[in-house]
Amino acid sequence: MASEEVQYTIVESPIGEFLAGTTSKGVCLFEFADRGGLQCIQARILKRYKMEMVEGKNELLNEVEKQAGEYFNGKRAEFDLPLDQKGTAFELSVWNELMKIPVGKTCSYGEMAERLGKPGAARAVGKANGANYIAVIVPCHRVIEASGELRGYGGGLWRKKWLLDHERKMVQERNRECVTGVFALS
């Protein structure tokens, strides 16, 4: 019986290339390609998933590419993809909580810790965010300092700012379309 592998492909975006990877269970990787480079990312995947990364295509990778294109073109605010996340119980709880932050909104590290019933664990939340291998899809970019300042994004703060601005614009556009639609029906 052959061991399972992580199939991956490169996905282009306005903020750089991503390495997208899937297992038979779901998306396990959507990482900025320049975050350590291919060999570093392969080593992290091997350590966490105990699987080699092999370049290729499959239906799920095609869907990741499609939904990412829609997201970056402002046509999709949220992803609808099966995920295969491996981490500690705390990391998994943080990543689950990230998925609850609405598009166009932010949350502080301290607020995240409070939501998890772990007041004072803001640094641990930040560390768990850094261990998220599924950037954008699992929206760790939506977590900011309590002061409103941006901090701690593996893809670089300029990308975090771009993603937050992009999502705010999408929400504003959707709200404008809703208001226009309401008035058009009146």
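Predicted model: local features only at pLDDT ≥ 70, side-chain atom pairs only at ≥ 80, totals over all residues.

Biologist: Which other charged end sits over the ring of tyrosine 133?

Modeller: That of arginine 48, whose charged end is placed over the ring of tyrosine 133 at 3.6 Å from its centre.

Biologist: OK, now helix H1, how many residues does it have, and how far does it reach?

Modeller: H1 runs over residues 37-49, which makes 13 residues, and from its first C-alpha to its last it reaches 18 Å, close to the 18 Å expected at 1.5 Å a residue.

Biologist: And which residues are buried in H1?

Modeller: The buried ones are Ile41, Ile45, Arg48 and Tyr49. They sit on the same side of H1, because the arc they cover around the axis is only 75°.

Biologist: What follows H1?

Modeller: Lysine 50 does, and its phi is positive, near 60°.

Biologist: Switching topic, how many aromatic pairs does the structure hold?

Modeller: There are 7 aromatic pairs in the structure. One of them joins tyrosine 71 and phenylalanine 72 in an edge-to-face arrangement, with 5.0 Å centre to centre and 85° between the planes.

Biologist: Are those two buried or exposed?

Modeller: Tyrosine 71 is buried, with a relative accessible area of 0%, and phenylalanine 72 is buried as well, at 8%.

Biologist: How is the ring of phenylalanine 72 placed against that of tryptophan 162?

Modeller: Their centres are 5.9 Å apart and their planes lie at 40°, so that pair counts as tilted. Phenylalanine 72 belongs to helix H2 (residues 59-72) and tryptophan 162 to helix H6 (residues 157-185), so the pair ties together parts that are 90 residues apart in sequence.

Biologist: How accessible is tryptophan 162?

Modeller: Tryptophan 162 counts as partly exposed, because its relative accessibility is 28%, and the range for that class lies between 20% and 50%.

Biologist: Last one, which residues do the ring pairs link into a cluster?

Modeller: The cluster linked by ring pairs consists of Phe18, Phe30, Phe32, Tyr71, Phe72, Phe79, Tyr153 and Trp162.

Definitions and conventions. Residues numbered from 1 in each chain as written. Heavy atoms only, no water. Helix = DSSP H or I, 4+ residues; strand = E, 2+ residues; numbered from the N terminus. Expected span 1.5 Å × (residues − 1). Buried < 20%, exposed > 50% of the residue type's maximum accessible area, 1.4 Å probe, protein only. Arc of directions from axis to C-beta. Phe/Tyr/Trp six-rings, centres within 6.5 Å; stacked < 30°, edge-to-face > 60°. Lys NZ or Arg CZ within 6 Å of the ring centre and 35° of its normal.
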